[in-house]
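Please look through the sequence and the model before reading on, and keep both at hand while following the report.

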Amino acid sequence: MSAGQFSQSGDGFGILRQFARRERRAMERCELCSLELRPDHPHLIELAQRRLVCTCEACAILFSGQGVKFKRAPRRVSVLPDFTLSDAEWDSLMVPINMAFFFKNSLENRMVAMYPSPAGAMESLLSLESWNDIAARNLALNEMEPDVEALLANRLGYSRGHAAPEYYLLPIDECYKLVGLIRMYWKGLSGGTEVWQELGQFFTDLKNRAIAIDGAAAVEKGSHA
Ligand SMILES: [Zn+2]
Ligand SMILES: [Zn+2]
């Protein structure tokens with residue numbers, strides 16, 4: 001595996017450390033109107049910079065309704081128990097951390113594969129052809145909203161031989177949060193205990209929020225009809 005195949009992302013993930021810290025502070029303000037925010041406030045994505053913007057409810061509605069500059073991150077989290085990705089497909093992504101997320105960048109009209117690292121989010125090369133193969137088998141991916149929703153693959157337990165891989169459809173701000181956790185808590189070569197506790201908590205919370213979607217149902221019903 002050569003380091004040259006990865007490139008540091010320039011699309012807004014560089015500010016994640018600050019973001020993760022800021023989210024922990026008690027009093028936060030809407031970045032568009034300065035109103036005080038509750039911890040579970042909405043987020044907008046500023047598409048050109050791929051920047052996450054903390055907002056109040058009123059600004060989230062107002063600005064996401066105005067043209068194409070901002071899109072609102074949705075809330076829904078789905079777990080995809082029938083999702084399939086072969087080990088060979090995963091290996092071809094050359095993701096070193098057994099976690100990655102995928103989203104469509106609508107401005108560039110391409111699928112983007114990224115993985116968290118202690119240095120922030122890194123982009124992995126994903127060919128359109130391999131994504132199309134994956135999407136053709138996993139129809140739930142057609143539901144994914146460009147720019148603001150992502151597929152998150154968690155193969156941490158699988159890589160250690162004690163769990164099946166987990167796949168989630170989730171809001172992109174949750175991916176930002178995951179990247180922020182790893183940047184903030186990763187220590188040394190193996191991460192240290194704190195980061196693994198934080199990751200365990202992140203995935204427990206995600207699982208508790210998630211609704212299961214039978215991704216292959218449409219295909220099976222069609223073929224047996
Ligand atoms: Zn506001
Ligand atoms: Zn926020």
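This is a predicted model: local features need pLDDT of at least 70, side-chain atom pairs count only at pLDDT 80 or more; totals for chains, interfaces and linings use all residues.

Residues are numbered from 1 along each chain as its sequence is written, and chains are lettered from A and ligands numbered from 1 in the order in which they are written.

**The open sheet**

Helices (H or I, at least four residues) and strands (E, at least two) are DSSP runs, numbered from the N terminus. Two strands pair if DSSP finds at least two bridges between them. Three strands form an open sheet in the order β5-β4-β6, and their pairing is antiparallel. Its edge strands, β5 (51–54) and β6 (70–72), each pair on one side only, and the twist from one strand to the next averages 35°. For such angles, axes are lines fitted to C-alpha atoms, for helices over the stretch in contact, and angles run from 0 to 180 degrees between N-to-C directions. Helix α2 (residues 57–64) packs on the sheet, where it touches β4 and β6, and its direction makes about 125° with that of β6. Contact here means that the C-beta atoms of two residues, placed from the backbone, lie within 7 Å.

| Strands | Bridges | Opposite residues |
|---|---|---|
| β7 (residues 78–79) and β12 | two | Val79 and Tyr168 |
| β11 (residues 149–154) and β12 | six | Ala153 and Tyr167 |

**The nonpolar core**

A residue is buried if 20 or more other C-beta atoms lie within 10 Å of its own, exposed if 12 or fewer, and partly exposed in between, with C-beta atoms placed from the backbone. A nonpolar core is a set of buried Ala, Val, Leu, Ile, Met, Phe, Trp, Tyr and Cys residues joined through C-beta atoms within 7 Å. The largest such core has 43 residues, and those with the most contacts inside it are Ala100, Phe101, Phe102, Ala150 and Leu151. Helix α6 gives the largest share of this core, six residues. Because domain 1 (11–72) and domain 2 (76–224) both give residues to the core, it lies between them; the domain bounds come from an automatic or database domain assignment. Leaving aside neighbours within four places in sequence, Ala150 is in contact with several residues, among them Phe101, Leu170 and Cys175.

At 1.5 Å a residue, helix α6 (residues 172–185) should span 20 Å, and its end C-alpha atoms are 20 Å apart, which agrees; the expected span is 1.5 Å times one less than the number of residues. Strand β12 (residues 166–171) is mostly covered, with six of its six residues buried. Glu194, in helix α7 (residues 192–209), is 12 residues from Ile182 in sequence and 9.9 Å from it in space, C-alpha to C-alpha. Glu194 counts as partly exposed because it has 13 C-beta neighbours inside 10 Å.

**Two loop residues**

Met94 has a positive phi of about 55° although it is not a glycine, and its place is in the loop between α3 (87–93) and β8 (99–105). Asn98 lies in the loop between α3 and β8, with a positive phi of about 60° although it is not a glycine. Met94 is partly exposed, with 14 other C-beta atoms within 10 Å, and Asn98 counts as partly exposed with 16 C-beta neighbours inside 10 Å.
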